[in-house]
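Please open the structure in a viewer and keep the selection panel at hand. The stops below are to be visited in order.

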Amino acid sequence: MGKFHLGSLLAAGAILAVGFSTQANAEGKHGMYANGEIRSGYTYLTPQSKAIQNDDFQNPGMIWVDDGATLYEAVDGKAGKSCKACHGKAEVAMKGVATTYPKYDEDTKKIKNIEAQVNRCRTKHMQAKPWKYESGQLLAMTVFIRHQSRGMPMNVSVDGPAVPFFQKGEKFYKQRRGALDMACSNCHIDNAGKNARANLLSQGQTNGFPTYRLKWQKVGSTHRRFRGCNKQVRATPYKYASDEYMNLELYVAWRGRGLPVETPAVRN
Amino acid sequence: MAKTKARVKVPKSIKKGEVFQVKTLISHKMETGQRKNKKTGKKISRMIINKLVCQYNGKEVFASDWHPAISANPYMAFYVKADASGSLDFTWTDDEGKSVKKSAKITVAG
């Protein structure tokens, strides 16, 4: 009788163990939001924040998409052109563009991101004033352009002329800085998935940027995020659109290779 | 982002007597009145939407008072019972007394 009880108890234990392991497997698979070990920031979100991103109506980032769509068709500058005048329909012309940015720029012999390219178009082809970095218009346009590639995998080029810039970006990422003497990699490679106080550290992927950050109560660019991170380790942040952050943006985009573009993502 | 934009979503067709979800989102800074201008040290005065009212064919079916803890770009969802075809009229009112209006068509089948 005693043996029988023990046996059934063990069986129950085995069932429990199986239950746990299948659950762990299910959690290990993040569907489209991961590429092997590379995980989007989405996978670190609470279910409540995920729900906001999942519903395009509820996602406040979509306001910027709408604004960007209006700006895309708005005529500006002395040349009397809009973005659409040269590029045509955004759904066609801008599809997949975001997956290749930031990229090497032949003209300046540097790395450029979408924001830089938008302003290049404005000054060169539209003969309009460039938008200020982190301004509502530039954010809206960047969100709108990146949104056209939503769901497509990030695939930046880090070979050829981009190599030295990629290496600089990687060096920046692994360089300790600030009064806390911490590198980007200390949080986002060494301790991703663990808590820094109440904050769950993610891998620091940029596939959802410009992202609607609940803390900011608006969308913000990768460079704003970089500045925030630099300030948190008490280092002096670099300027928006600085070469350092362009190189870093390239390196971080490469880290997230294969992740889907999620713009406008929702992050906490 | 100067212009306040409101968005409303209702189901395309509803049966009579059915309880359906209404989703609303409005772009707004929702300035709490607690923040200071970093350069001058002056308080930034409160500027929030403090009321959302929804009328169904002229009759008030939903109203809510909002306070400074409501986030920017507030999203509000609620349920309404379908009665007759017509319109849902939404009014958001801010601290200056200015209001933003938006309507949605309701089609009740059967």
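A salt bridge is a side-chain nitrogen of Lys or Arg within 4 Å of a carboxyl oxygen of Asp or Glu. By this rule, the count over all chains is 19 salt bridges. This is a predicted model, in which local features need pLDDT of at least 70, side-chain atom pairs count only at pLDDT 80 or more, and totals for chains, interfaces and linings use all residues. Residues are numbered from 1 along each chain as its sequence is written, chains are lettered from A and ligands numbered from 1 in the order in which they are written, and side-chain values use heavy atoms, with hydrogens and water left out.

**First stop: a pair between chains**

Select Asp55(A) and Lys23(B), which form a salt bridge with their closest N and O atoms 2.8 Å apart. This pair crosses between chains: Asp55(A) is in the loop between α2 (47-54) and α3 of chain A, and Lys23(B) is in strand β3 (residues 19-26) of chain B. Helices (H or I, at least four residues) and strands (E, at least two) are DSSP runs, numbered from the N terminus. Both Asp55(A) and Lys23(B) are buried; buried means under 20% relative accessible area, exposed over 50%, and partly exposed in between (1.4 Å probe, protein chains only).

**Second stop: a pair within chain A**

Next, select Lys124(A) and Asp107(A), whose side chains meet in a salt bridge (3.7 Å, N to O). Lys124(A) lies in helix α6 and Asp107(A) in the loop between β3 (103-105) and β4 (110-112) of chain A, 17 residues apart. Is Asp107(A) buried or exposed? Asp107(A) is exposed, because its relative accessible area is 53%. Lys124(A), at 49%, is partly exposed.

Select Glu31(B) and Arg35(B), a salt bridge with the closest N and O atoms 2.8 Å apart. Glu31(B) counts as buried at 7% relative accessibility, whereas Arg35(B), at 47%, is partly exposed.

A nonpolar core is a set of buried Ala, Val, Leu, Ile, Met, Phe, Trp, Tyr and Cys residues joined through side-chain atoms within 4.5 Å. Select Trp64(A), Tyr72(A), Val118(A) and Met141(A), which touch the most other members among the 28 residues of the largest core. The elements giving two or more residues to this core are α3 (62-73), α6 (114-124) and α7 (136-147) of chain A. The largest share, seven residues, comes from α7(A).
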